[in-house]
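Here is a short report on how one protein chain packs its inside. Look over the model, then read on.

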Amino acid sequence: LDLAKIEAGCMTWELASFDFRDLIDAAVRGLAGLEHTKPVGFEVDVPEDVVGYLGDRDRLHQVLTNLLTNAWKFSPDGSDVTVRLRALDGGLEVRVADRGPGIPDDDEKERIFDRFRQGVHNLTDKPDGTGLGLPISKEIVQMHGGFIACEDNPQGGAVFLFLLPETDPNFPRPIDQAIAGEESGQLDLMPDPRHTIFESSWVW
């Protein structure tokens with residue numbers, strides 16, 4: 001399992017520079033066939049300018065796919081899932097919003113990211129629910145020095161969001177350290193993936 005590999009420090013990571021707008025577009029296009037199963041569309045809101053990022057493109061694509069699929073699954077017929085990207089001072093933010101039942105319990109909003117925890121609405125990437133979709137997404141985001149959370153959608157439903165800090169050689173992210181460890185033969189991950197840049201860039 002990907003989660004077990006990440007936790008054991010055995011996952012192979014690859015860094016590449018890319019436009020995050022393209023990644024979102026690719027994730028949405030990859031789920032286009034879902035609209036034939038259920039009349040729920042995807043609405044994309046991205047900046048006009050390039051949002052460059054250095055990270056593991058395939059793993060972040062996995063995060064987007066998990067969040068978009070969850071949102072689609074719990075959205076009522078005839079509604080849209082909205083994915084928004086915005087560049088921030090020090091990084092970027094992605095929000096995936098749906099108009100489904102939402103998660104009213106604040107504690108549950110945190111527990112759904114726990115391993116094997118499906119939550120009150122079975123928010124996983126698989127209907128039969130091994131409960132790993134959101135925990136894997138959390139680990140991938142944290143490896144990039146980021147943060148993932150769930151909020152209430154003011155229009156009804158849920159909003160899953162994650163924030164990723166920009167790279168800084170003075171504050172290596174866990175993924176930077178993992179790759180450096182692979183190259184040197186040593187692996188030394190930071191105990192808290194939310195490093196100084198992240199904590200100083202956004203106030204929660």
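The report covers the basis of the model, its core and its aromatic rings.

## Basis

This is a predicted model: local features need pLDDT of at least 70, side-chain atom pairs count only at pLDDT 80 or more, and totals for chains, interfaces and linings use all residues. Residues are numbered from 1 along each chain as its sequence is written, and side-chain values use heavy atoms, leaving out hydrogens and water.

## The core

A nonpolar core is a set of buried Ala, Val, Leu, Ile, Met, Phe, Trp, Tyr and Cys residues joined through side-chain atoms within 4.5 Å. Buried means under 20% relative accessible area, with a 1.4 Å probe and protein chains only. The largest such core has 44 residues. Phe-20, Leu-68, Phe-160 and Phe-162 have the most contacts inside it. Helix H3 (57–73) gives the largest share, 7 residues. Helices (H or I, at least four residues) and strands (E, at least two) are DSSP runs, numbered from the N terminus.

## Aromatic rings

The structure holds 5 aromatic pairs. Rings of Phe, Tyr and Trp (its six-membered ring) pair if their centres lie within 6.5 Å; planes under 30 degrees apart count as stacked, over 60 as edge-to-face and the rest as tilted.

Phe-18 and Tyr-53 have ring centres 6.1 Å apart and planes at 70°, so this pair is edge-to-face. Phe-18 is in strand E1 and Tyr-53 in strand E3, 35 residues apart. Phe-20 and Phe-162 have centres 6.5 Å apart and planes at 55°, so their pair is tilted. Both Phe-20 and Phe-162 are buried. Ring pairs link Phe-18, Phe-20, Tyr-53 and Phe-162 into a cluster.

How values were computed:
Buried means under 20% relative accessible area, exposed over 50%, partly exposed in between (1.4 Å probe, protein chains only).
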